Amino acid sequence: MTTWNLQETSCHLLICNGGSCMMRQAEEVTQAIRDEIALLGADKRIHTTRTRCNGRCADACVVIAYPDGIWYKDISPESGRKIVRKHLVGKRLDEQIAYTFDHHFIASGRSVAGKEKIAGRPSLF
Ligand code: FES
């Protein structure tokens, strides 16, 4: 068990390690992202967490960056390294964004729309 001091953390990368992402190099993506963070001496600034399925398997391998609220798709070990380098300088990897979050999710147009979450029920909004 570990309890990290996160006071200097400015970016949290959630790396999907669900089944579909694991079939699309999630382990290698996880290792590449963590290796790049270590190479750049950025362990205090970027925190990573392996997650289970994030519900966007068509986008595998999925990586999510917070607090920016950016959902990345089709991440490879190399593009995972690029995400680290971009977020360290306050930028993002525009070409692989599936969704961004700014009060509501905004699809980039690069992903399948996906199924409605409450099929058949009337919306309250
Ligand atoms: S396994 Fe990664 S989004 Fe489903």
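**Pockets and nonpolar core of the predicted model**

In the second largest pocket, β2 supplies the largest share of the lining, 3 residues. The model examined here is predicted. Both α2 (26-39) and β2 (46-51) give at least two residues to the lining of this second largest pocket. Its volume is about 300 Å³. The lining comprises 13 residues, and Trp-4, Asp-43, Lys-44, Ile-46 and His-47 lie closest to the centre. By class, 4 of the lining residues are nonpolar, 5 are polar and 4 are charged.

The largest pocket has a volume of about 600 Å³. It is lined by 14 residues. Nearest its centre lie Tyr-99, Phe-105, Ala-113, Lys-115 and Lys-117. The lining of the largest pocket divides into 7 nonpolar, 3 polar and 4 charged residues.

Nonpolar side chains tend to be buried together in soluble globular proteins. In this model, the largest nonpolar core has 29 residues. Leu-13, Ile-33, Val-63 and Tyr-72 have the most contacts inside this core. Two or more core residues come from each of β1 (11-16), α2, β3 (63-66), β4 (70-72), α3 (77-88) and β5 (97-102). The largest share, 5 residues, comes from β1.

The contacts of Leu-13 were then examined. Leaving aside residues up to four places away in sequence, Leu-13 touches Ile-33, Ile-46, His-47, Thr-48, Thr-49, Val-63, Ile-64, Ala-65, Ile-83 and Val-84. Among these partners, Ile-33 and Val-63 are also listed with the most contacts inside the core. Two others, Ile-46 and His-47, are among the residues closest to the centre of the second largest pocket.

How values were computed. Residues numbered from 1 in each chain as written. Predicted model: local features only at pLDDT ≥ 70, side-chain atom pairs only at ≥ 80, totals over all residues. Heavy atoms only, no water. 1 Å grid on protein atoms, 1.4 Å probe; cavity = no way out; pocket = protein on both sides within 12 Å on 5 of 7 lines; lining within 4 Å. Points joined across faces, edges and corners; volume = space filled by probe spheres on them. Nonpolar A, V, L, I, M, F, W, Y, C, P; charged D, E, K, R; others polar. Helix = DSSP H or I, 4+ residues; strand = E, 2+ residues; numbered from the N terminus. Core = buried A, V, L, I, M, F, W, Y, C linked by side-chain atoms within 4.5 Å. Buried < 20%, exposed > 50% of the residue type's maximum accessible area, 1.4 Å probe, protein only. Contact = heavy atoms within 4.5 Å.
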